[in-house]
Amino acid sequence: MALSEIENGCPGGEGGESDLIVKACVLGGFSETVETRALISSLPEVHGDPVTSESTTERFLVIMNRYQEQPHLLDPHTEWMLNMILEFVRSEKSPPSLVHLSFKFLYVVCKVRGYKIFMQLLPHEVADVQPVLDLLSRQDPKDSETWETRYMLLLWLSMTCLIPFDLYRLDGHLESDGGKAREPTMDRILAIAKSYLLVSDTPRDAASVLVSKFMTRPDVKQKRLGDFLDWSLTTISQTNDESMRDIMVLDGALQSLAKLFKHGKRDDLLQYAPTILQCLEQKHLSESSQAMLRRLGVKLIQRLGLTFLKPRLAAWRYQRGSRSLAANLSMSQSTVAAATGTPEVETQEQEEDYDIPEEVETVIEHLLAGLKDKETIVRWSAAKGIGRVTGRLPKELADEVVGSVLDCFSFQESDNAWHGGCLALAELGRRGLLLPSRLTDVVPLIIKSLTYEEKRGACSVGSNVRDAACYVCWSFARAYEPTELKPFVTQIARAHFAAFQENVGRQGTFPHGIDIVTAADYYAVGNLNNCYLNISVYIASFPEYTKAMIDHLISMKINHWDGVIRELATKALHNLTPQAPDYMATTVVPQLLPMAVGIDLHGRHGAIMACAEITHALYKQGLQTNRTVVDIISAECVDALKNIHQKVGVPQGFGGELMRPAVCSIIEKLSLSKMPFKNDPVITGWQWLIDDTIKTLHLVSSGVKDAIMVAVVSALTALCEEYYQAEPDALISQYIEGLKSPQMLTRCGSALALGCLPRFMIQGKLMQILEGLQHMCTVSQKEGSFTEARRDAVGAIAQVCVKAGVCAHGSPDSALCSENVAEVYGALLNSMNDYTTDSRGDVGAWVKCMMCCLAQQAAEKIDRYRAHAGNIFLSLLHSTEPEVPHIPHREELLSIFPTTTTLNWNAPSQAFQYITQLLGLPQYQRHTLLGLTVSVGGITESTVHFSSQSLFEYLRGIQDNYAALAQFGDTLLTIFRDNLRNERVSIPFLKMLNQMLANSCFEILTTQENHQFCVELLTLCKEFKKTKDISKLRACVAVFCGLIQFQGEVRKKVLSQLLMLLCHSFPVIRKATAGQMYEMLLTYDDVIDPEVLDDVMTLLSDTNWESDLATVRTHRNQLCDWLGIPSPRVVAKVTN
């Protein structure tokens, strides 16, 4: 947003400014550590002076506020900030002003990072309870200057309430020095919580957090929960929303109850829920004039509804793919289930088990009314409540809720109801609660919402409805399979474009507006290339727009700071030339030539390329009227174009990086335009420029070297074809010598230059060229570097061979023949698999290796590589003139890929269903599975979906074949073992393996105790236990949880690994392991003793696994005792 605003304020903004803006918007880390330490350290000196205190606080605020959008960047630094500030708070020598200033700093950090994260860092030992409580008791709730102190102390007290001891143990002797009875700790905390729930400032919010933590303690809920709820209901009943004082009291009471019912256990709160609901109904909060009270009322009511309903996932909900381990297992057993009809019976039984209290209907009525509230925050809370409550209802009742939500989409309803209805549909769809059968009713309403607009006087409303409808579309895209939404895609697309049509139709002043708006729709305009290269041509075909568009490109785009825009603009001018050739020749080119030699680097670069593109386009236009380009362009312009390279020069550095490809471009286009420069001295100058660019490639920056090489090769190709008649031996010898250069990029350029030479220059020199290129491959491999040079040499070999042609008994210096084909194939095959030491062997070995490597590439994740390899694979297999011999499993391959096959390898939905069939052919299994690994374990959704679908289809086919499955497992282990240190393969492998285990692909192997496949797999996975890669550790945890299904001693070893990960040094791994183990025990509930199952799952879910290691280790050791696993011991590091 900031970038666009500044650019609009300064047209044609400078690149430097844009870079600064980007750096300001996207931060890489917390960069003010030194200054922040200095500011915190200065607190003892500045607290007494109001002026310096305020300036210090303001500076600290400025620093912290920079991270409002990226608060996670503060995480590595919040702990030391907290410790420094708490030193001042805990010091008995600190005056009150220093304590208050310290808490003000703490509040700033807490506000930016979020209290839920920050409060976890606050000390919460037993020794902290009394000091915090005493300090809070000494505060004045009415002091408006120190509210940050009270806010942070309440949060701190909330954390100290988590100590796992009964509070009466902290009381000791309840007699004070004066002989008076001292108040118990429990009562003191409760009194403080109640008092701060009634205040009118921010500490009220922290007090509600305190209530949610304090009242859910086992000792407190037994003694004080009922009394507190009575007090809350009395407070709510005795207040109204007419006075500001009562509004604040209501806010505190409602907020505390909402948080309490969110964090408390259902069994403890269920008995009180009907009474609280009745009190809320009598209060009529939905009629309140205060949006915050209405929001809290909706929030509390939805929490009450969730308390009335048992916590369970609806069995009938729609699930896209397999999101959980349990879902994967149920899918893998679908064959058996379908035969017995068990799922339907179980679903019916679950539906019958639902116990729906009468109060739930009241809850839903309130939530539906909340969808129509006039404030967005209330509607949003109601929508989330609808989604949460519906997820616990039976299918029939849930469908009634959906029907009630659809009633919001009536033209008798206001825009608020439409907006709330969209939010509710999005929540239902996102949670899988809107079944596909309802889409026929929902999609037409969403289409209306996408174009919703309601006139109100001189303005209109509805933008929020349209935005919410887009949110619905977003949620649907994530919730449903493409096949479910396919019938509605066209309708939704039309609805999106209706705004454009409406604009043109209402204004009526746009020439050819309907035609243009039809071509330039939202998706077409969203593609930059399509805008410049296609849509611009269509629009310029209307005479009213032709010259205006050309002038705009000349004046605004070819001098743009973005090189991509400049290049697209020049290509657009090439495409527009046929629309106005005379205007281009007589006006535009003369206008561009002065710019091409001007002082503005960007303008010079764009003008040179524009001259090149327009000249070539005029040449093409002249061919249609039998005119040469010199007949169209004036002699002065031709002479200026010819000598443009001399006027601009070719400097090194940034200017040279722009000018060299631009000048190469004009050399290429003038050559392609057949300018009459044969035997002209300018050709020598052009050739020198090309050769000098190749020799100095190592001086250019890495980001532009590829573009420069492409421009050089294109220029050399056109130059040789047009202006060289004979074989310049010196040129070929020069490039062959360049293959031996110590500079890698010079080698690359020389190889590419040899590959682009025309056929007449290659004849008689073929063996010399091939030997140089092959030698470069061999030398590069030995040196272990120059990878890019080796790549370009392989490409050059292929290009040279194609241009030379094939003649079986021809001369090895002129064509590919029997005398040199062996060396060519050897070089190519060695390059395909350069990490092995293949011998040259016979032709049969070459073909086998080649087909296996192509099969691997055809199973890869990158579409264009897969398509290229797949097409080559099929062309070799289907070749008949001549037939390629020695292809392994030719007959089986032809049955998979008949000669009539028309396969789009770019489409994962088509490619993988064929390529996975190669897994059944022994010669291809390892290579194909290696390629599939990076596809199944990748991140592109469509690739992962279709590759895994095809892989599991193959595995289902061999489930009853023990030998085939065991062989597949051995191949898996071989790939894993060979790629343990290969990050590109190992992480996708673990993800793929997790999917296989989750889908019970090795079920036949799990019946044997301590199967060797599981034992070896576990051993290999343990290699990663010392890695620092978070994604790899997460993947390992998932695999360990999947291996739990194998029987025998190996199961204990798997549990041991998981228990060790519960005390990993990374908190995120500890938390992820606990979550995965919880899901594992839900799925495989027979792996541990049923007597301890509930205790284990409770400990896994309730423990804060991100807390300090000492606390976590205690809980982990308790799990070890319950599971019968020896507790891991901490090994002391040996220091010299």
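Helix axes are here lines fitted to C-alpha atoms over the stretch in contact, and the angles between their N-to-C directions run from 0 to 180 degrees. The model is predicted, so local features need pLDDT of at least 70 and side-chain atom pairs count only at pLDDT 80 or more, while totals for chains, interfaces and linings use all residues. Residues are numbered from 1 along each chain as its sequence is written, and side-chain values use heavy atoms, with hydrogens and water left out.

The protein contains 63 helices and 2 strands, taken as DSSP runs numbered from the N terminus (helices H or I, at least four residues; strands E, at least two). Of its 1136 residues, 50% are buried, that is, under 20% relative accessible area with a 1.4 Å probe, protein chains only.

The largest nonpolar core has 147 residues, of which Ile40, Met64 and Phe214 touch the most other members. Such a core is a set of buried Ala, Val, Leu, Ile, Met, Phe, Trp, Tyr and Cys residues joined through side-chain atoms within 4.5 Å. Helix H7 (residues 96–113) gives the most to this core, with 11 residues. Beyond its neighbours within four places in sequence, Met64 is in contact (heavy atoms within 4.5 Å) with Phe30, Leu74, Met81, Val108, Val109 and Val112. Another core, of 103 residues, lies apart from it and includes Ile614, Met675, Phe677 and Ile683.

The axes of helices H60 (residues 1049–1061) and H61 (residues 1067–1083) come within 8 Å and cross at roughly 140°. H60 is therefore oblique to H61, since angles under 35 degrees count as roughly parallel, over 145 as roughly antiparallel, 65 to 115 as roughly perpendicular and the rest as oblique. H60 contributes Leu1055, Leu1058, Leu1059 and Leu1061 to the contact, and H61 contributes Ile1069, Arg1070, Thr1073, Met1077 and Met1080.
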